Amino acid sequence: MPASVPITTTEMPEGSALAAFAAGADFRDSYAAPLHESDLSPVGLALRLMSSSPNWVSRLMDLRNALVRPFGIKDTGRLSARTDRPADAYKIGDQLGIFRIFDIGAREIVLGIDDRHLDVRVSVMTASGPARYIVTTTVTIHNLLGRLYMVPVGRIHPFVVRAQMRRARL
């Protein structure tokens, strides 16, 4: 998928399993892109996204992990970790990339990380209408450390998501 593929800011899709979690979220964003491979399952979409991290994102994750380790925040590794199995081998509770799988539906997968400073959920969902998929991220912050963490992360996050969506070739 060329870099010129339109990735647009959008709303969380209706019917998303994230709706209840997002209601109390402190941070939320959603991005949509055309979907050319409509035969991919939600797990297949997530696998392609996670394994499509540009080198600069991998280096940024390494830096993030080194900086947060002294504060007791989880070292999550790289986004592309644990993406080497076939899509149908992943089940709820498994790790996919840096995330644990919370839900798998016919049109959506919900991934996430829970920590004492914040909880993250990511939905990858196909949309009805024109063939496209939507990546929605929500974050619920628990304490001051989570608020401080989200200051830089909230600003960098859109660049990371859009870069992965461009490289995923979906």
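Classified by residue type, the lining of the largest pocket comprises 30 nonpolar, five polar and three charged residues, in what is a predicted model. The volume of this largest pocket is about 910 Å³. Of the 38 residues that line the largest pocket, Met 61, Arg 64, Tyr 149, Val 153 and His 157 are the closest to its centre. At least two lining residues come from each of helix 2, helix 3 (55–68), strand 6, strand 7 and helix 4, and it is helix 4 that provides the largest share, with eleven residues.

The sheet is open and is built from seven strands in the order 1-2-7-6-5-4-3, with antiparallel pairing. Strand 1 (8–9) and strand 3 (95–96) are at the edges and have a single partner strand each, so one side of each is left without a neighbour in the sheet.

| Strands paired | Bridges | Residue pair |
|---|---|---|
| Strand 1 and strand 2 | Two | Thr 8 and Ala 32 |
| Strand 2 and strand 7 | Eight | Arg 28 and Thr 138 |
| Strand 5 and strand 6 | Seven | Glu 108 and Met 125 |

How much of helix 2 is covered? Eight of the nine residues of helix 2 are buried, so that the helix is mostly covered; the buried residues are Pro 42, Val 43, Gly 44, Leu 45, Ala 46, Leu 47, Leu 49 and Met 50. Their cover includes strand 3, strand 4, strand 5, strand 6 and strand 7, together with helix 4. Strand 2 is likewise mostly covered, with six of its eight residues buried.

Glu 37 belongs to the loop between strand 2 and helix 2, and it counts as partly exposed because its relative accessibility is 27%, a value in between the limits of 20% for buried and 50% for exposed. Apart from neighbours within four places in sequence, Glu 37 is in contact with Arg 48, Arg 169 and Leu 170. Glu 37 and Arg 169 are 132 residues apart along the chain, yet their C-alpha atoms are separated by 8.6 Å.

His 117, by contrast, is located in the loop between strand 5 and strand 6, and it is buried because its relative accessible area is 2%, where buried means under 20%. When residues up to four places away in sequence are not counted, His 117 touches Ile 73, Ile 141, His 142, Asn 143, Leu 145, Gly 146 and Tyr 149. Of these contacts, Tyr 149 is also among the residues closest to the centre of the largest pocket.

Key:
Residues are numbered from 1 along each chain as its sequence is written. This is a predicted model: local features need pLDDT of at least 70, side-chain atom pairs count only at pLDDT 80 or more; totals for chains, interfaces and linings use all residues. Side-chain values use heavy atoms; hydrogens and water are left out. Two strands pair if DSSP finds at least two bridges between them. Helices (H or I, at least four residues) and strands (E, at least two) are DSSP runs, numbered from the N terminus. On a 1 Å grid over the protein atoms alone, a cavity is a set of points where a 1.4 Å probe fits but cannot get out, and a pocket is an open set with protein on both sides within 12 Å along at least five of seven lines; lining residues have an atom within 4 Å of a point. Grid points are joined across faces, edges and corners, and a volume is the space filled by probe spheres set on the points. Ala, Val, Leu, Ile, Met, Phe, Trp, Tyr, Cys and Pro count as nonpolar, Asp, Glu, Lys and Arg as charged, and the others, Gly among them, as polar. Buried means under 20% relative accessible area, exposed over 50%, partly exposed in between (1.4 Å probe, protein chains only). Contact means heavy atoms within 4.5 Å.
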